[in-house]
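Subject: Structure for your review

Dear colleague,

Please find below the structure that I am handing over to you. My findings follow it.

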Amino acid sequence: MTVTLEKSVQDFISTPRQLFIGGQWVDAASGRTFATPNPATGETLAHIAEADREDVDRAVRAARAAFEEGPWSRMTASERGRIIWRIGDLIEQYGDELAQLESLDNGKPYAVARAADIPLAAELFRYMAGWATKIEGNTISLSVPYMPGSEFHAYTLREPIGVVAQIIPWNFPLLMAAWKLGPALTTGNTVILKPAEQTPLSALRLAEIMAEAGLPEGVVNVLPGYGETAGAALAAHDGVDKVAFTGSTEVGKLIVQAAAGNLKKVSLELGGKSPNVVFDDVDPALAIPGAANAIFFNHGQCCVAGSRLFVHESRFDEVVSGVADIARGIKLGSGLDPDTQMGPLVSDEQFRRVTGYLESGRAEGARTVAGGQRHGDKGYFVQPTVITDTTSDMAIVREEIFGPVVVASPFSSLDEIAAQANDTAYGLGAGIWTRDVNKAHALAKRLRAGTVWINCYNVFDAALPFGGYKQSGWGREMGHEVLEAYTEVKAVCTQLHP
């Protein structure tokens, strides 16, 4: 038995979806469309208008007009905050519908989307709505050495950057849209949002929700399309003041190069190869399912996935065996099946990427303890996989797989594991499992990662800043730190004359 699709969902996917520009639904200038597939079957879900350079130009003009001439910039902070809060309320109101769209388009279980993605997205908008009235500057006392006796009144203003391009990934489509849109809107910017071509549906439904919430025309524009066309045009466009991107490190580097033309601001949330460290004093009843959740949550399609599992040598066999047992017991299937614990990977491309890494690991001599194969004969399903007997130079150890694949290695001391954990180009997340609070915080301080979880993993909250060290990105999402990514600071200095 599967979840019965709501009529609104059936109607939504049966109607060709257009671009959202300047508050209007319009066809792509080229007239082209693309199909978005159901990853559980490979069959087409819906046909989507394909944005290209001309559509980007139209959207930038609409966003610029909304920023400079529209009501958005003239609204009080509290008025903006009320609209943003209303978006969160409507996401909650339409939660069942949005969760079904996420499950259909991304493959994740409906129950997971309904319990995690939808409430987190709603809460992000509400949290950011509260910041709208709390964005402040400072007054500064000046001591100008070459103007003795002069008095000044000096202060700073924190102002919106302007037109922001936001390019989001396919692993948490609605939630990543919320992470991007919430802070951009609360700080007074206007936006062109490009959802991943694999998962455009929830972003398009969100555009309808934002219009219903009262967001003025042109403040948010939604352009489904391909990264190499629509995404590249946005990153390079001289009318865009900032680009915010979540995705792979490789594409992030291309974004930086494209943004150099007008030196637009850039923030990046990129890849990871996160270490998850289990010490010898752990409670296995906590650490083993915790380690499994760290990698298998969202099919391993999570930038902070605990894909490198390090276990103290005295507990290595026990922990690896326990994680492997969990992997073998995970039920794979359609995201709309209530019994499903793990759905398919998002696309054929991702399926081939993950299975390619599995083949590479076998060829290099790694040992598969659990999984390692395709599941079924249709759709993009890969078995949850546990791998041991690896070396630090193997591709499966060094490169981000972005699938339900964990490589496990033993360690003997804190100094050793600190070095091994940091032996990566990435620095997004990390996990530590121990009863020893001193050991936990000693290692947390030494880890080069933007988030360190202790005796937990995959804990996210709108108030908790998120981002990476090294090649895992620039800047932070969420928390009050994200406001810096969407504002400029202006210094104002007035000489006071008697």
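Two strands are said to pair if DSSP finds at least two bridges between them. Helices (H or I, at least four residues) and strands (E, at least two) are DSSP runs, numbered from the N terminus. The model is predicted, so that local features need pLDDT of at least 70 and side-chain atom pairs count only at pLDDT 80 or more, while totals for chains, interfaces and linings use all residues. Residues are numbered from 1 along each chain as its sequence is written, and side-chain values use heavy atoms, with hydrogens and water left out.

**The sheet of 3 strands**

An open sheet has the strand order β5-β6-β20, and its pairing is antiparallel. Because β5 (139-140) and β20 (487-496) are at the edges with a single partner strand each, one side of each has no neighbour in the sheet. Strand β6 (residues 151-160) is joined to β5 by 2 bridges, and Thr139 has Tyr155 in β6 as its bridge partner.

**The sheet of 7 strands**

A further open sheet is made of 7 strands in the order β14-β15-β16-β13-β12-β17-β18, with mixed pairing. Its edges are β14 (367-370) and β18 (451-454); each has a single partner strand, so one side of each is left without a neighbour in the sheet. From one strand to the next, the twist averages 25°; for angles, axes are lines fitted to C-alpha atoms, for helices over the stretch in contact, and the values run from 0 to 180 degrees between N-to-C directions.

Within this sheet, β12 (residues 275-278) and β13 (residues 308-312) pair in the parallel sense over 4 bridges, and Val278 has Val311 in β13 as its bridge partner. Helix α11 (residues 316-329) packs on the sheet and touches β12, β13, β14, β15 (385-388) and β16 (405-411), contact meaning heavy atoms within 4.5 Å. The direction of α11 makes about 155° with that of β15.

Is β8 buried or exposed? Strand β8 (residues 190-194) is mostly covered, with 5 of its 5 residues buried; buried means under 20% relative accessible area, exposed over 50% and partly exposed in between (1.4 Å probe, protein chains only). Thr190, Ile192 and Lys194 lie on one side of β8, Val191 and Leu193 on the other, and all are buried.

Strand β7 (residues 163-167) pairs with β8 in the parallel sense over 5 bridges, and Ala165 stands opposite Ile192. Together with helix α6 (residues 173-186), β7 and β8 make a right-handed β-α-β unit; right-handed here means that, with the strands pointing away from the viewer, the path from the first strand over the helix to the second runs clockwise. Strand β9 (residues 220-222) pairs with β8 in the parallel sense over 3 bridges, with Val191 opposite Val220.

**Helices α14 and α15**

Helix α14 (residues 414-421) packs against helix α15 (residues 437-446) at an angle of about 35°, their axes being 10 Å apart. Leu414, Asp415, Ile417 and Ala418 in α14 meet Lys439, Ala442, Leu443 and Arg446 in α15.

Ala418 is buried, with a relative accessible area of 4%. Apart from its neighbours within four places in sequence, Ala418 is in contact with Leu443 and Arg446.

With kind regards
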